[in-house]
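Work through the exercises below with the model open. Try each task before reading its solution.

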Amino acid sequence: MFDPDMFDTTHHHMLEELENMRDDDFDNKSGAEILESACGTDQQQQRSKKKRYNRHTQHQIQEMEAFFKECPHPDDKQRMELSRELGLEPLQVKFWFQNKRTQMKAQHERHENAILKAENEKLRAENIRYREAFAHSTCPNCGSSSTALGEMSFDDQHLRIENSRLRDEIERMSGYGSKCTKPYYQLPTNAPTRSLDLGITNFGPQSSGFVGEMYGAADFFRSISRPSEGEKPVIVELAVSGMEELRRMAQGGEPLWVAGDGKSSGEVVLNEAEYLRSFGGGIVGKPMGFRTEASRVSAVVFMNHMKLVDIFMDATQWSTVFCGIVSRASTVEILSPGLPGNFNGALHVMSAEFQVPSPLVPTRENYFVRYCKQQTDGSWAVADVSLDTLRPSPIPNTRRKPSGCLIQELPNGYSKITWVEHVEVDETGVPTMYRTLVNSGLAFGAKRWVATLDRQSERFATSIATTIPTGDLRVISSIEGRKSMLKLAERMVTSFCAGVGASSVHAWTALPAAAGDEVRVVTRKSTDEPGRPPGVVLSAATSFWIPVSPKVVFDFLRKEKSRSEWDILSNGGLVQEMAHIANGRHSGNCVSLLRVNSANSSQSNMLILQESCTDSTGSYVIYAPVDTVAMNVVLSGCDPDYVALLPSGFAILPDGPGGGGNNGGGILELGSGGSLITVAFQILVDSVPTARLSIGSVATVNSLIKCTVERIRAAVMRENP
C-alpha cells in the first residue's frame with residue numbers, strides 16, 4: 001500500500017504528468033496506482049534520477065489529522081489551501097487523505113469482524129445448550145421423549161402447525177436477507193428524509209453562542225449504522241413473529257380488546273393480562289417505570305390500497321404524509337425489496353422520531369424493521385417491530401411493540417385500514433400540561449395516525465382532481481395553478497412541522513418566561529438552500545393552555561376577519577382572501593391566498609399563503625409571507641420549489657380526550673376540553689449568512705411571540721366569556 005509519509009515531490013516532469021491527468025481518474029485509483037501509471041513509460045529515467053524520500057513532519061501530520069476529523073473528503077480548493085499552509089504539493093495532500101480513508105476503513109472492518117466473531121461464538125454456545133436440552137426433553141405426563149400426534153390437544157396441534165408455517169416463512173425471508181449484501185439494496189446513510197423542504201438541512205455553525213442551533217438531519221443519519229451480518233437473521237425472525245402478532249392484534253376481539261370508559265365509538269383498550277397470556281412478555285420484560293400505551297382504530301379512507309402500501313414503504317412519502325407525527329425518518333438498509341412490481345415480502349430497517357407539535361414534549365425515537373406482506377385473503381399488512389434489543393438506546397424512553405396496520409381493498413378507490421399502535425413508554429419528561437393528552441393516546445396513538453391519514457387522503461384527492469368547482473370567483477380556475485399552489489403549501493406545512501417539535505436535531509434555548517409561558521428559540525444559517533431565503537433565521541416557539549375548545553380557537557385563527565386582532569405584522573390592516581382551494585369535507589381544510597391591505601406602503605403588496613387543516617385529534621393554521629411576482633408565477637402553473645418561504649403558525653391540540661369533540665365555548669379546567677396551543681415564528685433577522693446574531697434580535701422575536709400570545713388569549717376569552 002502507498003505510504004503517504006514516504007511521499008516526496010519526486011521529479012518535476014512527473015508532477016506535470018499527474019496534474020494533466022483527469023480528476024476522475026484520481027478518485028477511482030489509489031495513490032500507488034496513479035504513480036505507477038504516471039511513471040510506467042519512464043522507468044529508466046526514474047532509475048537514473050533516484051532521489052532521497054522524506055517523511056512528512058509531525059506538524060504536517062497533526063494538521064492533516066485535525067482537518068480529517070472535520071472533513072475526510074476535502075475538495076480541490078481545500079486541498080490547495082492545505083498545501084499552501086503546510087508546504088506540500090496538492091497531490092501529496094490528496095494521496096494522504098486517500099490512504100487515511102483506506103486506513104480508517106480497514107480499522108472499522110477489523111473491529112466489526114471482532115464483534116461478529118464474538119457474537120458467532122455466543123450463538124454457537126447457545127445452540128449447543130439448546131440441542132442438549134432438546135435431546136433430554138421428556139413428556140411431563142408419561143416420561144416419553146416424544147408425544148404422538150393423536151395424543152396432543154387441539155391447541156397443541158394448532159400451535160405445531162402454526163410454528164411449522166412460521167419456520168417456513170423465516171427460511172423464505174432468510175433467503176431474501178442473504179441478498180442484502182448487494183449494493184443495489186443499500187441506501188446512503190446521509191440521504192435526506194424528504195424531497196420537500198424540511199427546514200433542518202445544511203445549517204452553518206453557530207457563531208454567536210447565544211442561542212441554540214438547528215442542526216442538519218444528515219448528522220442524525222450518519223450516527224446510525226447498518227445491521228451487521230450476524231444481526232440480519234435475528235431481524236428476519238423478529239419481523240416474521242411481529243407480523244403474526246400484528247395480524248392477531250388487528251383481528252382479535254374480546255377479551256384481548258375491551259371497550260374503554262370515555263372512549264368514542266370504535267375505540268378499544270388493550271387487556272394487558274390477556275395480551276400477556278396470548279403473546280407472553282416478549283424477549284425482555286417491561287422496564288421499571290414504563291407504561292403500556294396500546295390502541296386500535298379502524299376507518300375507511302379515500303385512497304387506493306396499493307397507494308397506501310407505497311406510502312408506508314417509502315420513508316420520504318411516509319414522513320411527508322405524517323409530518324405532524326414523524327419529525328424525521330430514514331431507511332437505514334433494505335434487506336429485501338419484495339416481489340417485482342410490489343412490496344410483498346419487503347423488509348426495511350428504518351429509524352424514525354415521533355413528535356407532538358410542541359418544543360416542550362419529548363420525542364420518541366425508534367430503530368425498527370418494517371415488514372410488508374400480502375395476506376391470504378388479499379389484504380396487505382405493514383408491521384413495525386422494534387430492534388431495541390439489538391441497538392439499545394443509551395437513555396431509552398420508549399419501546400415499540402409490534403405495531404402497524406392492515407389494509408383491505410374496497411370498491412371505488414377506497415380502503416379500510418385497521419391501525420394498531422402498541423408501545424411501552426417512560427413519560428416522566430412530559431410536562432403536566434400535556435400529560436392528559438399523552439396518556440389518553442391522542443398524542444401518539446392509533447386514532448391520531450388514522451385521523452391524519454384520512455385528512456391527507458382528502459388532500460391527495462384534491463391534488464389529483466381534474467374538475468374545478470364553479471360559481472365562486474375566489475376559486476383558482478387553472479388545474480396547473482391549483483397543483484402548483486398545493487405543492488407550495490405542502491412544503492410550507494412540512495417545513496413548519498419539522499421545526500416546531502422537540503426533535504433532538506434542534507438545540508432549543510429557553511428564554512425567560514412571562515406569565516408562565518416559556519419561549520424557546522433556535523437559529524440556523526442558510527446560504528444556497530432552495531426554497532429558503534439566505535441569511536440568519538431565528539425560530540421561536542412557545543406552548544400555552546387556554547380554557548376554550550379547540551374548534552373555537554381554530555375558527556378564530558383561520559378566519560381573515562379576525563386576523564387583525566392577533567397578527568402584529570399586519571399592522572391592523574384589513575385582510576382579504578383572494579383565492580382558496582378546498583382540501584376536504586370540513587370547511588376549515590383549505591389553502592388560501594390572502595392580501596393585507598395596509599396603510600403602510602411598504603406592505604401594500606404583501607401576500608400571505610395560508611393552509612388550515614383540522615381533524616378529530618388536532619388542527620393547524622400555518623402561513624408564510626410570499627412575494628406577489630413569485631406567487632403569480634406559481635398560479636400560472638410553474639414549479640414552486642424556488643419560492644422562498646419562512647413558515648409560521650399555530651398547532652392546536654385538545655388537552656384531553658374530551659377536547660376534540662367539544663364544539664362550544666365556555667370556561668374549562670385543564671383536561672376537560674380546553675386547547676393546547678403552540679405558536680411558532682420564523683423570521684429572517686439578517687440577510688448575510690455569516691452575520692452574528694444580536695441580542696436585540698432575540699429580544700425582538702421574544703417580545704413578538706409573547707405579545708401574540710397575549711392578544712390571542714384576550715380576544716378568544718373576550719368572545720367566549
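**Exercise 1.** How many disulfides does a search of the whole structure find?

*Solution.* Apply the cut-off: a disulfide is a pair of cysteine sulfur atoms within 2.5 Å. The search finds 0. Take cysteine 405: the nearest cysteine sulfur belongs to cysteine 372, 8.8 Å away. Cysteine 497 is in no disulfide either. There the nearest cysteine sulfur, that of cysteine 323, lies 3.9 Å away.

The model is predicted: local features need pLDDT of at least 70, side-chain atom pairs count only at pLDDT 80 or more, and totals for chains, interfaces and linings use all residues. Residues are numbered from 1 along each chain as its sequence is written, and side-chain values use heavy atoms, leaving out hydrogens and water.

**Exercise 2.** Classify cysteine 405: buried or exposed?

*Solution.* Buried means under 20% relative accessible area, exposed over 50%, partly exposed in between (1.4 Å probe, protein chains only). Cysteine 405 has 2% relative accessibility, so it is buried. Cysteine 497 is buried, also at 2%.

**Exercise 3.** Describe how helix 10 and helix 11 pack.

*Solution.* Locate helix 10 at residues 232-251 and helix 11 at residues 272-279. Their angle is about 140°, with axes 12 Å apart. Therefore helix 10 is oblique to helix 11. Oblique covers what remains after under 35 degrees (roughly parallel), over 145 (roughly antiparallel) and 65 to 115 (roughly perpendicular). Next, list the contact (heavy atoms within 4.5 Å). Helix 10 supplies Glu245, Arg248 and Met249; helix 11 supplies Tyr275, Ser278 and Phe279.

How values were computed:
Axes fitted to C-alpha atoms, helices over the stretch in contact; angles between N-to-C directions. Helix = DSSP H or I, 4+ residues; strand = E, 2+ residues; numbered from the N terminus.
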